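Colleague: Before I plan around this model, could we go through its sheets, its chain contact and its charged pairs together?

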Amino acid sequence: MTRLQARNAVIGYGGDPIVRGVDVEVPDGRITAIVGPNGCGKSTLLRALVRLLHPTEGTILLDGEDIHRMHTRDVARRVGLLPQSPIAPAGITVKELVARGRTPHQKVLRPWSAEDETAVLSALHSTALTDIQDAVVDELSGGQRQRAWIAMTLAQDTPVMILDEPTTYLDIAHQYDVMDLLHRLNTRQERTIVMVVHDLHQAARYAHHVIAMRDGVVAAAGAPADVFTEDLIREVFALEARVLADPVTGTPLVVPAHGPGGAR
Amino acid sequence: MRTLTLGPVGITTHRRTFAVGLIMSAALAALLVFALMQGQSNITVLDSLRAAVGIPVGAPADFIVGQVRAPRALTAVLVGAMLGLSGAILQSLTRNPLASPDFIGISAGAGAGAVLTLWLVGATSLWVTAAGAAVGALTVAALIFALSFKRGIVPLRLILAGIGMGFVAQAATQYFLTRMDVHEASNALGWLVGSVTGRTWTHVTVAAAVLAILLPPVLWHARALRTMEMGDDAARALGIRVAAARGMLAVCSVLLAAGAVAITGPIGFIALVAPAIALRLTRNAGVTLIPSALMGALLLLAADQVAQMMPTTVQLPVGVFTAAVGAPYLLWLVWRASRGGPA
């Protein structure tokens with residue numbers, strides 16, 4: 001049994017549920033990508049996995065326990081989240097932001113410990129931010145800022161990391177920068193990573209496990225080579241596509257089957 | 001970073017915040033001595049300090065310092081701290097520098113509650129008035145919350161609902177005043193101006209008690225407050241129980257404002273300005289509670305000294321002078337917002 005899973009979860013914001021009964025197992029120590037068209041419920045599922053939303057039916061299990069029966073702080077010590085649009089307090093430095101990741105490990109009236117300092121320095125090192133740790137976050141480039149947020153999640157020191165669209169708003173070089181970073185964290189530190197991504201190419205290259213969602217249900221789940229087929233792309237995204245082999249990695253490369261203006 | 005430890009407990013703060021806090025404390029102590037000395041009659045520093053803490057030193061000092069200047073100055077310090085703290089919490093929770101209790105109608109609600117209490121039960125005890133102020137302030141706060149809630153608090157709606165509720169509360173206050181006995185109404189009107197003149201040791205005791213009750217839960221949730229500035233999702237993911245912490249902090253902020261109003265009447269602008277100055281001085285990322293409280297105390301005590309120095313026959317209420325500092329700041333905020341900066 002894997003550490004994090006959803007069992008028959010129905011999730012919504014009141015009104016019609018957005019996720020309508022899904023069973024998901026997040027493989028331990030691997031990278032999982034959740035893909036699907038806009039409004040398919042992938043972000044909603046992600047929010048439930050980190051306990052920001054309560055399923056109306058079914059359960060989310062973390063280490064075999066119902067996540068909603070656990071203490072908020074216990075969840076925060078095991079699952080870290082990089083939200084889609086977090087707010088950096090005005091004037092905060094990179095190191096201060098990363099230090100906030102230690103929040104679930106701290107108590108009122110307990111001073112900053114050597115363990116906290118080590119976790120922050122190691123997170124800065126893994127994200128190559130050591131040299132700019134005293135820079136103000138507002139003044140960083142988009143790519144550096146995203147790395148700072150990932151470093152904050154790293155300092156939280158959780159075995160499972162969840163990222164909601166970590167590459168959105170970044171240029172292509174910085175997108176792959178972030179993906180390579182996640183890959184390194186996964187291989188070197190054996191962190192379980194779950195991310196929502198829009199770019200199927202990134203999902204195919206970097207994820208070990210892909211969950212494709214459509215209309216609030218899981219349409220397919222498995223290795224990228226098994227999930228990214230021409231039939232499935234048609235079914236999930238309503239797009240006629242050709243699936244080629246990535247000339248660099250050999251992973252599936254999805255390209256639309258029509259040229260500009262619909263020409264075949 | 002600097003860590004202050006006492007056995008197994010400790011707090012971590014930035015060096016600059018710590019230094020600024022020390023300087024503000026020293027300035028506050030100096031201003032307090034000045035406040036005890038200020039005015040006619042020659043009393044030495046030592047005698048002033050003795051008289052202030054209740055050691056008899058002789059005829060004029062025992063009364064002038066011990067019963068007039070000391071309670072007045074300490075009331076200003078404590079109420080200033082309450083206002084600074086209340087504003088800092090509210091501005092942080094709403095992520096809006098305009099959200100101070102005097103600006104969004106909470107102080108007006110406290111005023112209406114206090115006047116209603118004066119009308120119904122009379123000026124029996126300061127605690128009863130304070131309870132009335134607390135009920136008024138909490139009622140207004142609950143209404144503002146209900147009016148501005150739409151899948152979470154909408155900041156602009158909160159400010160507008162607050163300003164509107166402030167007018168409603170003031171209208172209610174006016175109505176209560178017309179129904180009261182003329183003598184009592186005149187007393188209430190004098191109180192509604194907002195002043196620390198004529199405050200006694202009873203006022204100091206109530207202010208100290210309110211602060212002593214509310215400060216521990218506020219400091220206990222300081223980390224949660226700072227973390228919530230990063231957004232609800234980020235705060236929850238970092239293990240903060242957002243709804244509980246926010247409710248607790250909001251109630252504490254409202255009660256601090258209500259306590260201040262009950263003791264001195266509504267004094268404007270301290271809660272708006274003190275946290276902003278504290279933030280600029282400490283250059284902290286996010287809310288700084290203790291510096292905000294210290295700055296509120298400094299501002300109110302200083303404003304009251306200036307008020308006492310004015311060469312007018314009738315002493316001007318301190319609220320006039322806090323407005324002189326606060327109004328330009330408010331205009332600057334509006335000007336900056338109109339240029340597309342953060343509201």
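Modeller: What follows is a set of questions and answers on a predicted model.

Colleague: In the open sheet of four strands in chain A, what is the strand order?

Modeller: The strands of this sheet in chain A pair in the antiparallel sense, and the edge positions belong to β2 (19-26) and β5 (65-66) of chain A, each of which pairs on one side only.

Colleague: Which residue of β4(A) stands opposite Gln5(A)?

Modeller: Strand β1 (residues 4-11) of chain A is joined to strand β4 (residues 57-62) of chain A by five bridges, and the two run antiparallel. Within this pairing, the residue of β4(A) that stands opposite Gln5(A) is Leu61(A).

Colleague: Which residue forms a salt bridge with Asp63(A)?

Modeller: Asp63(A) sits in the loop between β4 and β5 of chain A, while its partner belongs to the segment before β1 of chain A, 60 residues apart from it. With N and O 2.8 Å apart, the pair falls within the 4 Å cut-off for a salt bridge, and the partner is Arg3(A).

Colleague: What are the edge strands of the open sheet of six strands in chain A?

Modeller: This second sheet of chain A has mixed pairing and the order β6-β7-β8-β3-β9-β10, with neighbouring strands turned by 15° against each other on average, direction ignored.

Colleague: Do β7(A) and β8(A) run parallel or antiparallel?

Modeller: Strand β7 (residues 160-164) of chain A and strand β8 (residues 192-196) of chain A are joined by five bridges, and Leu163(A) stands opposite Met195(A) in β8(A). The direction of these two strands of chain A is parallel.

Colleague: At what angle does helix α9 of chain A run to β9(A)?

Modeller: Helix α9 (residues 230-237) of chain A lies across two strands of chain A, namely β9 and β10. Relative to β9(A), the angle is about 40°.

Colleague: How many salt bridges are counted between chain A and chain B?

Modeller: The contact takes 32 residues from chain A and 28 residues from chain B, and the area buried between them is about 2400 Å², of which carbon and sulfur atoms give 63%. Arg47(A) and Asp233(B) form a salt bridge, their closest N and O atoms being 2.4 Å apart. The count between chain A and chain B is one.

Colleague: Which element gives the most to the side of chain A that touches chain B?

Modeller: Elements of chain A that give two or more residues to this side are α2 (72-78), β6 (79-82), α3 (94-99) and α5 (142-155). With three residues, the element that gives the most is α2(A).

Colleague: Leaving aside neighbours within four places in sequence, with which residues is Arg241(B) in contact?

Modeller: Arg241(B) lies in the loop between α10 (232-237) and α11 (242-264) of chain B, and its C-alpha atom is separated by 9.8 Å from that of Met228(B), 13 residues apart along the chain. Apart from such sequence neighbours, the residues in contact with Arg241(B) are His71(A) and Thr72(A).

Note on methods:
Residues are numbered from 1 along each chain as its sequence is written. Chains are lettered from A and ligands numbered from 1 in the order in which they are written. This is a predicted model: local features need pLDDT of at least 70, side-chain atom pairs count only at pLDDT 80 or more; totals for chains, interfaces and linings use all residues. Side-chain values use heavy atoms; hydrogens and water are left out. Two strands pair if DSSP finds at least two bridges between them. Contact means heavy atoms within 4.5 Å. Buried area is the accessible area (1.4 Å probe) that two parts lose on being put together, summed over both. A salt bridge is a side-chain nitrogen of Lys or Arg within 4 Å of a carboxyl oxygen of Asp or Glu. Axes are lines fitted to C-alpha atoms, for helices over the stretch in contact, and angles run from 0 to 180 degrees between N-to-C directions.
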